[in-house]
Amino acid sequence: MGETAAEASSAELMVDLIISLDGYASAVGWPGWWGLEGPEYLAWLQQEGEKGYSFLLGANTYRLMSRMSEEAAAEGSGFSEDEGATLTGLAAVPKIVFSSTLQAPLKWPNSELVTRDAVQAVAEMKRTGTGPLSTLGSLSLCRSLLTAGLVDRFRVVVFPVITGSTGRERIYDGYPDVSLEMVGSRTFDGRLQLLEYVPTVLSSPPSNGPG
């Protein structure tokens, strides 16, 4: 009935998202991380950055994040110290950018441009790769990879805000039906909730009866 993520791949792929309680990726007028980042969460982000992920992103996220990373490296950027460190640190990690509109070579350090179909390219990376893969923003890319059954882990950090008036980028619009097996959870700073799942894309709703 469902299509599980490939278990025999060399490179595990994780979709990694931060969301408001009502499922938005961002909100107009709110600061980064909805202003709720704390020391435990920031320490965890640093630890995650040392795990050797290669990050997958689309053109829009590349344009946004590369610009923010460059601004954060400048004096008087306006970013907090923690935000600035996170953004500038992204320059040092490997990034794979899927786009038919961007031109090589990409300006942001350690960024590789891939112009062919993202689903096919990531499937090949999972077959031949040796290191973990993670998405960075890029909601449509996340949706495509999940729909194709390529995602091994689906992880969200839920921020305790409802941004019904100002929320932008609804994360789950256009998703298929997906069952989620929880494999991890954690609370940061007494308010942020990490939830990690193994996803299975469903071709139809599950039966209510046994078997």
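**Close-up views of a predicted model**

**View 1. The start of helix 4 and its surroundings.** A side-chain oxygen of aspartate 117 comes to within 3.2 Å of the backbone nitrogen of valine 119, at the start of helix 4. The model shown here and in the views below is predicted. Helix 4 spans residues 118-128, and its buried residues are Ala118, Ala121, Val122, Ala123, Met125 and Lys126. The elements covering these buried residues include strand 2 (13-20), strand 4 (54-58), strand 5 (95-98), strand 6 (111-114) and strand 7 (133-135). Helix 5 (139-147) is also among the elements that cover them.

**View 2. The largest nonpolar core.** This core has 30 residues. Those with the most contacts inside it are Leu13, Leu17, Leu56, Phe98, Met125 and Leu145. At least two residues of the core come from each of strand 2, strand 5, helix 4, helix 5, strand 8 and strand 11. Another core, of 17 residues, lies apart from it and has Ala59, Leu87, Val97 and Leu102 among its members. In soluble globular proteins, nonpolar side chains tend to be buried together.

**View 3. Contacts of phenylalanine 98.** Neighbours within four places in sequence are left aside here.

**View 4. Serine 134 in strand 7.** Serine 134 lies in strand 7 and is buried, with a relative accessible area of 1%. Leaving aside neighbours within four places in sequence, serine 134 is in contact with Leu13, Met14 and Asp16, and also with Tyr53, Ser54, Phe55 and Leu56. Of these, Leu13 and Leu56 are among the residues with the most contacts inside the largest nonpolar core.

**View 5. The two sides of helix 1.** Helix 1 is formed by residues 39-49, of which Tyr41, Leu42, Trp44 and Glu48 are buried. The buried residues of helix 1 pack against strand 2, helix 3 (81-89), strand 8 (153-159), strand 10 (178-188) and strand 11 (192-202).

View 6. Most residues other than glycine have a negative phi, and most peptide bonds are trans. The peptide bond from alanine 104 to proline 105 is cis, with omega near 0°. Proline 105 sits in the loop between strand 5 and strand 6. Glutamate 169 has a positive phi, near 65°, and is not a glycine. Glutamate 169 belongs to strand 9 (residues 167-170) and is partly exposed, at 48% relative accessible area. Aspartate 189, also not a glycine, has a positive phi of about 55°. The loop between strand 10 and strand 11 holds aspartate 189.

**View 7. Serine 144 in helix 5.** Serine 144 is found in helix 5. Its relative accessibility is 35%, so serine 144 counts as partly exposed. A distance of 25 Å separates the C-alpha atoms of serine 144 and alanine 91. Along the chain, serine 144 and alanine 91 are 53 residues apart.

Notes
Residues numbered from 1 in each chain as written. Predicted model: local features only at pLDDT ≥ 70, side-chain atom pairs only at ≥ 80, totals over all residues. Heavy atoms only, no water. Buried < 20%, exposed > 50% of the residue type's maximum accessible area, 1.4 Å probe, protein only. Helix = DSSP H or I, 4+ residues; strand = E, 2+ residues; numbered from the N terminus. Contact = heavy atoms within 4.5 Å. Polar contact = N/O pair within 3.5 Å; in protein donor to acceptor, adjacent residues only side chain to side chain. Core = buried A, V, L, I, M, F, W, Y, C linked by side-chain atoms within 4.5 Å.
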